[in-house]
Amino acid sequence: LLENASKQYIFPPMIRQNAWSLDGKWSIHDEQITSEESGAKLRLGFAAKEVYLVIESPNESTIQVFLN
């Protein structure tokens, strides 16, 4: 991961358990990860009773969450 710069990421073929991955253009900083384009994706690979994700947008946005 490239910190404090914008970079294009591609999902790996498989994600390890208890890991996460990015797809699309993202900017990574100490306290946050920011999508830099519409359609950017975040994949979480956690098996847990509860998983918390904090999401914020400066504009009204639609966010899709898929569970399996």
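## The largest pocket

A pocket is an open set of grid points where a 1.4 Å probe fits, with protein on both sides within 12 Å along at least five of seven lines. In this predicted model, the largest pocket holds about 1800 Å³ of space. Rolling a probe the size of a water molecule over the atoms shows where empty space is left.

The lining of the largest pocket counts 37 residues. Nearest its centre lie Trp26, Leu42, Leu53, Ile55 and Ile63. Three strands each give at least two residues to the lining: S2, S3 (33-35) and S4 (41-45). S4 supplies the largest share, with five residues.

## Overall architecture

The protein chain has four strands and zero helices. Read from the N terminus, its elements run β-β-β-β. Its C-alpha atoms fill a box of roughly 30 × 25 × 20 Å along the principal axes.

Of the 68 residues in the protein chain, 15% are buried. Take the contacts between residues at least 6 apart in sequence: 31% of them join residues at least 24 apart.

## Surface and charge

The protein chain exposes about 6300 Å². Carbon and sulfur atoms supply 49% of that area.

The protein chain carries 6 positive and 9 negative charges.

Ser21 sits in strand S2, which spans residues 19-28. Its relative accessible area is 8%, so Ser21 is buried; the cut-off is under 20%.

Which residues does Ser21 contact, leaving aside neighbours within four places in sequence? The partners are Phe11, Pro12, Ile15, Lys41, Leu42 and Arg43. One of these partners, Leu42, is also among the residues nearest the centre of the largest pocket.

## Pro12 in the S1-S2 loop

Pro12 belongs to the loop between S1 and S2. Pro12 counts as partly exposed because its relative accessibility is 34%. Beyond four places in sequence, Pro12 touches Ser21 and Arg43. Ser21 in turn has both Pro12 and Arg43 on its contact list.

A further pairing involves Asp23. Pro12 and Asp23 are eleven residues apart in sequence, with 8.8 Å between their C-alpha atoms.

Glu3 lies in the segment before S1. Buried, exposed or partly exposed: how does Glu3 count? At 48% relative accessibility, Glu3 is partly exposed.

Glu3 touches Ile28 and Asp30, with residues up to four places away in sequence not counted. Ser27 is 24 residues from Glu3 in sequence. In space, their C-alpha atoms are 7.3 Å apart.

## Two positive phi values

Most residues other than glycine have a negative phi. Asn4 has a positive phi, near 60°. Phi of Asn18 is also positive and near 60°.

Asn18 is placed in the loop between S1 and S2. Asn4 is exposed, since its relative accessible area is 53% and the exposed class begins over 50%.

Conventions: Residues are numbered from 1 along each chain as its sequence is written. This is a predicted model: local features need pLDDT of at least 70, side-chain atom pairs count only at pLDDT 80 or more; totals for chains, interfaces and linings use all residues. Side-chain values use heavy atoms; hydrogens and water are left out. Buried means under 20% relative accessible area, exposed over 50%, partly exposed in between (1.4 Å probe, protein chains only). Contact means heavy atoms within 4.5 Å. Accessible areas come from the Shrake-Rupley method with a 1.4 Å probe; for residues, only the protein chains shown count as cover. Lys and Arg count as positive and Asp and Glu as negative; His and the chain ends are not counted. The place of a charge is taken as NZ of Lys, CZ of Arg, CG of Asp or CD of Glu. On a 1 Å grid over the protein atoms alone, a cavity is a set of points where a 1.4 Å probe fits but cannot get out, and a pocket is an open set with protein on both sides within 12 Å along at least five of seven lines; lining residues have an atom within 4 Å of a point. Grid points are joined across faces, edges and corners, and a volume is the space filled by probe spheres set on the points.
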